[in-house]
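Subject: Structure handover

Hello,

Here is the structure you were expecting. My notes on it follow below.

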Amino acid sequence: MRVTGGRLKGRELFGPKSAEIRPMRDQVRLALFSILENVIEGSRFLDLFAGTGSVGIEALSRGAEHAVFVDSSTQAVQIIQKNLQQLELMKQATVYREDAFLALENLSKRGQRFDLVFVGPPYGKGLVGRTLERISELNVLNPDAIVVTEIFKKETVQDRYGALELFDERLYGDNRMKLYRKTSPTGTLKPAST
């Protein structure tokens, strides 16, 4: 597992020792960040269900200003911290060992807002829809924020959750990525940032 682009391209990442943590494959991460390449620079990035931290680390490598990593697993948090330390990214990162829903509430209370959010929970537990619903209810997104989900291709999620509306989706093998954007008060999608 390696960083696929940006200033840390090619650097190796520590991976999980158990099947509990499912890191995003390098090719899928590469595809995701080619979609986000025009909006990543200077962004605030939230990596929910962060696992190894590979997605948030990729964002930092490609120019994100700051990344927040959230995972409830002690093992995952240790891997994330190890990866951040070896890549000298600790000053640009915050790591929480916390349930994703509790973390979202706490981030909202602290006034933290994000431009990009990645939601990659364990497959088959119905967590993506619940997480998108909660993100739409809480004030954690900046205007024009994008929320990306990664689900198993046979899982179903809605095209809309509150103010979040689907605007793109891609299939990569067994992985389906769905991209949501906050809609304006009139109910129409805001234009993509370029």
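A residue is called buried when its relative accessible area is under 20%, exposed when over 50%, and partly exposed in between (1.4 Å probe, protein chains only). At 2% relative accessibility, Ser43 therefore counts as buried.

Two points on provenance. This is a predicted model, in which local features need pLDDT of at least 70 and side-chain atom pairs count only at pLDDT 80 or more, while totals for chains, interfaces and linings use all residues. Residues are numbered from 1 along each chain as its sequence is written, and side-chain values use heavy atoms, with hydrogens and water left out.

Helices (H or I, at least four residues) and strands (E, at least two) are DSSP runs, numbered from the N terminus.

Surroundings of Ser43

Ser43 sits in the loop between H1 and E1. Contact means heavy atoms within 4.5 Å. Apart from neighbours within four places in sequence, Ser43 touches Gly63, Ala64, Glu65, His66, Asp115 and Leu116.

Strands

Strand E4 (residues 114-119) is largely enclosed by the rest of the structure, because 5 of its 6 residues are buried. Strands pair if DSSP finds at least two bridges between them. E4 is joined to strand E1 (residues 44-48) by 4 bridges, and the two run parallel. In that pairing, Asp47 stands opposite Phe118 of E4. E4 is also joined to strand E5 (residues 141-152), by 5 bridges and again in parallel. Here Val117 has Val147 of E5 as its bridge partner. From E4 the chain passes through helix H5 (residues 127-137) to E5 in a right-handed β-α-β crossover (with the strands pointing away from the viewer, the path from the first strand over the helix to the second runs clockwise).

Helix pairs

Axes are lines fitted to C-alpha atoms, for helices over the stretch in contact, and angles run from 0 to 180 degrees between N-to-C directions. Angles under 35 degrees count as roughly parallel, over 145 as roughly antiparallel, 65 to 115 as roughly perpendicular and the rest as oblique.

Helix H1 (residues 26-35) packs on helix H2 (residues 54-61) at about 45°, with the axes 11 Å apart. H1 is therefore oblique to H2. Arg29, Leu32 and Phe33 of H1 make the contact with Ser54, Val55, Glu58 and Ala59 of H2.

For helix H4 (residues 100-109) and H5, the axes come within 11 Å and cross at roughly 10°, so the two helices are roughly parallel to each other. Their contact involves Phe101, Leu104 and Glu105 from H4, and Leu127, Arg130, Thr131, Arg134 and Ile135 from H5.

Regards
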